[in-house]
Amino acid sequence: MLTVSTLTIMILALFVFEGMVIFNALATTAVSSLEEKIDISVYFKTNASEDGILNLKRSIEGLSEVENVEYVSKEQALANFKEKHQNDSVIVQTLNELDDNPLLPVLNIKAKDPRNYGTIADYLEKANLGEIIEKINYAQNKLVIDRLTSIVDASEKIGVALTIFLALAAILVTFNAIRLAIYSNSDQISIMRLVGSPNNFIRGPYVIEGIMYGCIAGIASFLIWWPVINAVSPYIARFVSEMDLSLYLKGNFWSILAYQVVFGSFLGTISSIVAIRRYLKI
Amino acid sequence: MIIFQNVSKSYSHSAVALEKINFKIQAGEFVSIVGLSGAGKSTIIKLLIGEEKPTKGQIFFGSYEVNKLKSSLLPEFRRHIGVVFQDFRLLDRKTVFENVAFALEVEGRAQKEINELVPQVLDLVGLKDKVNNFPAELSGGEKQRVAIARAMINRPEVLIADEPTGNLDPFNTWEVVKLLVKINELGSIVILATHSKEIVNTLGRRVITLDQGKVIRDEETGRFMM
């Protein structure tokens, strides 16, 4: 006979476990989406010659880590800026009143792998180009990504700790339920022993009971997550546009359900085996 | 053949249940083990069915050395032994038929075989007309006969009865004793642990007398003397 309290604790543990799986997918998408968006922008001083910039562009393109390098001249940068803000009359008016083009020529460098930006930034810093380079914005982007990564890491650690804590609680509660089942069936167990019942026949029902707790709690926690995900999915999409959680859940329906059921069964089996070893004498 | 060879059992330094027990029981014997409460009768039974292990000594049952049996071999070993207790140990929610059939079901026997064997053994113990009754609907003597039927269903070589008449009135006591004698005559060893002087003296069979964990007397046609 399965008990409600045991199922509740098991469901809670698996609910947090599934939350961690979903959060992990979400965080991975968010970080890689940000990494996709970053590049290294090298801003040149106004007196830097276009030849010098184009020479540097060619040498950077020769680096194996570099995917492509885009040169945006002062004029092009101004044209892009104007086009971007054509509907903002204040900016347009301000630009018209300026005598000089305030924008700087820039090289936008895209790496093949986001992890290579450090190497490219080192190359630029060691090349003694201080005379022509105004600034390299890699450090600012790196800070944002590092901060996001550390938040994600910390959240994952909290999730793992919470899952372990609740898993232990679920094991203890299930263990107790199995122990009670063994006690309440002690007459039947002693008769089974007396008549020479195979050991697996005596122990089997309690292992199955543990697995049942895990399976039912796994399915139940998955069913609880379903409407939650559908409800929060549009809000999540505002922050991480690449992530449609509803779609993710539909696409990974069977694998997530399998994770839940396997993890739940694992917890239930451990509980049963410990209870049987301690309380079911053959 | 059952052999107890220098068997001792102690639960702590101060709690010695059995001390240097030696006896042999041959095929077809009917042996009463007698003694006061705490003399060690039940401990001998627990050691014989492998429920506990001796602190010292060896116990042999046929080709089995019981004290060395691994738990994985215990079920097969126990099918050679039938056991009945004073408290019957029947399953209240099962009928007489189901209680007896349970011993075959746990072995995985086919339903057809169960349907053939259970009525035969219930006939042997005189309960053929009670197959559909629950234990609560039976007298003490009938309950004990159901327990004996369950113990006999596997045709064991030994039937151990631990105070089987302790909860019964005189009439039912003799019914059960007569049944044990009948089972013995059919070829099984019967080991009867009891503190009933009347039963032991009436049977006139072999008696092993225990006192404070030691065998103080072992007589072929013994009497209850304490």
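**A chat about the fold**

Tutor: Happy to! Let's begin with a strand pair: β1 (residues 40-44) and β3 (residues 106-111) of chain A run antiparallel to each other and are joined over four bridges. Keep in mind that this is a predicted model.

Student: Nice. In what order do the strands of that sheet come?

Tutor: The order is β2-β3-β1-β4 in chain A, in an open sheet of four strands with antiparallel pairing. On average, neighbouring strands are turned by 20 degrees against each other, direction ignored.

Student: Which helix packs on the sheet?

Tutor: Helix α2 (residues 50-61) of chain A does, and it touches β1, β2 and β3 of chain A. The direction of α2 makes about 170 degrees with that of β2(A).

Student: Stepping back, how many helices and strands are there in chain A?

Tutor: Chain A has ten helices and four strands. Reading from the N terminus, the elements go α-β-α-β-α-α-β-α-β-α-α-α-α-α. Chain A has 282 residues, and 26% of them count as buried.

Student: What about the largest nonpolar core: which residues touch the most other members?

Tutor: Those are A:Met10, B:Val100 and B:Ala149, in a core of 100 residues. Helix α6 (residues 138-184) of chain A gives the largest share of this core, ten residues.

Student: And what is B:Val100 in contact with, leaving aside its neighbours within four places in sequence?

Tutor: Its contacts include B:Val118, B:Val121, B:Leu122 and B:Val146. B:Ala149, B:Arg150 and B:Ile153 are also in contact with B:Val100. There is a second, separate core too, with 14 residues, among them A:Val42, A:Val69, A:Ala111 and A:Ile133.

Student: Switching to the chain contact: how many residues does it take from chain A and from chain B?

Tutor: It takes 13 residues from chain A and 15 residues from chain B. On the chain A side, α7 (186-194) and α8 (199-239) are the elements that give two or more residues.

Student: What classes of residue make up the side of chain A that touches chain B?

Tutor: That side has seven nonpolar, five polar and one charged residues.

Conventions: Residues numbered from 1 in each chain as written. Chains lettered and ligands numbered in written order. Predicted model: local features only at pLDDT ≥ 70, side-chain atom pairs only at ≥ 80, totals over all residues. Contact = placed C-beta atoms within 7 Å. Nonpolar A, V, L, I, M, F, W, Y, C, P; charged D, E, K, R; others polar. Buried ≥ 20, exposed ≤ 12 C-beta atoms within 10 Å, placed from the backbone. Pairing = 2+ DSSP bridges. Axes fitted to C-alpha atoms, helices over the stretch in contact; angles between N-to-C directions. Core = buried A, V, L, I, M, F, W, Y, C linked by C-beta atoms within 7 Å.
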